[in-house]
Amino acid sequence: MVGQIIYDSASLKQQHESPQFLDIPFVQLAVEHGGNKIMANTVAVGAVMGMMGMDLDVLIAILKDTFKKKVKR
(Lines give C-alpha, C1' and ligand atoms only; values in the text may rest on other atoms or scores of the structure.)
Protein backbone atom coordinates (compact mmCIF):
# COMPACT_ATOMS: atom_id res chain seq x y z
CA MET A 1 0.00 0.00 0.00
CA VAL A 2 1.29 3.43 -0.96
CA GLY A 3 0.49 6.43 1.23
CA GLN A 4 -0.78 9.74 -0.09
CA ILE A 5 -0.34 13.26 1.15
CA ILE A 6 -3.28 15.59 0.68
CA TYR A 7 -2.63 19.30 0.65
CA ASP A 8 -3.89 22.65 -0.65
CA SER A 9 -1.31 24.06 -3.06
CA ALA A 10 -2.92 27.52 -2.95
CA SER A 11 -2.46 27.69 0.82
CA LEU A 12 1.08 26.31 0.76
CA LYS A 13 1.99 28.34 -2.31
CA GLN A 14 3.80 25.36 -3.78
CA GLN A 15 2.88 22.53 -6.11
CA HIS A 16 4.04 18.90 -5.91
CA GLU A 17 3.92 16.77 -9.04
CA SER A 18 4.69 13.41 -7.44
CA PRO A 19 1.85 10.85 -7.54
CA GLN A 20 1.93 10.58 -3.72
CA PHE A 21 0.62 14.16 -3.46
CA LEU A 22 -3.06 14.93 -3.97
CA ASP A 23 -3.85 18.63 -4.32
CA ILE A 24 -7.30 19.46 -2.93
CA PRO A 25 -8.37 23.12 -2.76
CA PHE A 26 -9.59 22.99 0.85
CA VAL A 27 -9.97 26.75 1.29
CA GLN A 28 -11.66 27.28 -2.07
CA LEU A 29 -14.15 24.48 -1.40
CA ALA A 30 -14.84 25.78 2.11
CA VAL A 31 -15.59 29.27 0.81
CA GLU A 32 -17.71 28.02 -2.11
CA HIS A 33 -19.80 25.64 -0.03
CA GLY A 34 -19.66 27.01 3.51
CA GLY A 35 -18.95 30.67 3.02
CA ASN A 36 -15.88 30.82 5.26
CA LYS A 37 -12.27 29.73 4.84
CA ILE A 38 -12.14 28.63 8.48
CA MET A 39 -14.09 25.55 7.37
CA ALA A 40 -11.10 24.31 5.31
CA ASN A 41 -10.20 21.86 8.09
CA THR A 42 -13.65 20.31 7.84
CA VAL A 43 -13.15 19.91 4.08
CA ALA A 44 -9.82 18.21 4.78
CA VAL A 45 -11.42 15.81 7.28
CA GLY A 46 -14.13 14.99 4.74
CA ALA A 47 -11.47 14.31 2.10
CA VAL A 48 -9.59 11.92 4.38
CA MET A 49 -12.81 10.15 5.36
CA GLY A 50 -13.74 9.82 1.69
CA MET A 51 -10.33 8.38 0.83
CA MET A 52 -10.77 5.83 3.61
CA GLY A 53 -14.23 4.88 2.36
CA MET A 54 -15.90 6.10 5.54
CA ASP A 55 -19.51 7.25 5.64
CA LEU A 56 -19.64 11.05 5.59
CA ASP A 57 -22.94 10.94 7.50
CA VAL A 58 -20.84 10.37 10.62
CA LEU A 59 -19.00 13.66 10.04
CA ILE A 60 -22.23 15.50 9.27
CA ALA A 61 -23.82 14.25 12.50
CA ILE A 62 -20.79 15.32 14.54
CA LEU A 63 -20.82 18.78 12.97
CA LYS A 64 -24.54 19.22 13.55
CA ASP A 65 -24.21 18.20 17.18
CA THR A 66 -21.14 20.38 17.74
CA PHE A 67 -22.58 23.51 16.19
CA LYS A 68 -26.27 23.22 17.04
CA LYS A 69 -25.92 25.76 19.86
CA LYS A 70 -24.04 28.19 17.62
CA VAL A 71 -26.67 28.38 14.87
CA LYS A 72 -28.47 31.70 14.88
CA ARG A 73 -32.19 31.42 14.56
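What radius of gyration does the chain have, and what would a compact globule of 73 residues have? The chain has 14 Å, whereas such a globule would have a value near 11 Å. The radius is taken over C-alpha atoms, and the globule rule is 2.2 Å times the number of residues to the power 0.38.

A word on provenance. This is a predicted model, in which local features need pLDDT of at least 70 and side-chain atom pairs count only at pLDDT 80 or more, while totals for chains, interfaces and linings use all residues. Residues are numbered from 1 along each chain as its sequence is written, and side-chain values use heavy atoms, with hydrogens and water left out.

Let me continue with the overall form. Along its principal axes, the C-alpha trace spans about 45 × 30 × 15 Å. The chain contains four helices and two strands, in the order β-α-β-α-α-α from the N terminus. Helices (H or I, at least four residues) and strands (E, at least two) are DSSP runs, numbered from the N terminus.

Turning to burial, 16% of the 73 residues are buried. Buried means under 20% relative accessible area, exposed means over 50%, and partly exposed lies in between, with a 1.4 Å probe and protein chains only. Of the contacts with a separation of 6 or more, 10% join residues 24 or more positions apart; contact means heavy atoms within 4.5 Å.

Which residues make up the largest nonpolar core? Its six members are Ile24, Phe26, Ala30, Ala40, Ala44 and Ala47. A nonpolar core is a set of buried Ala, Val, Leu, Ile, Met, Phe, Trp, Tyr and Cys residues joined through side-chain atoms within 4.5 Å. Helix 2 (26-34) and helix 3 (40-51) each supply at least two of the core residues, and helix 3 gives the most, with three. Beyond its neighbours within four places in sequence, Ala44 is in contact with Ile6 and Phe26.

Tyr7 is buried at 6% relative accessibility, whereas Phe21, at 26%, is partly exposed.

Two residues around helix 1 deserve mention. Ser9 is placed in helix 1 and is buried at 14% relative accessibility. Leaving aside neighbours within four places in sequence, Ser9 is in contact with Gln14, Gln15 and Asp23. Lys13 lies in the loop between helix 1 (9-12) and strand 2, and is exposed, with a relative accessible area of 73%. The phi of Lys13 is near 60°, a positive value in a residue other than glycine. Most residues other than glycine have a negative phi.

Finally, which residue forms a salt bridge with Lys68? The partner is Asp65, with the closest N and O atoms 3.1 Å apart. A salt bridge is a side-chain nitrogen of Lys or Arg within 4 Å of a carboxyl oxygen of Asp or Glu, and the structure holds one. Asp65 is partly exposed at 49% relative accessibility, and Lys68 is partly exposed at 45%.
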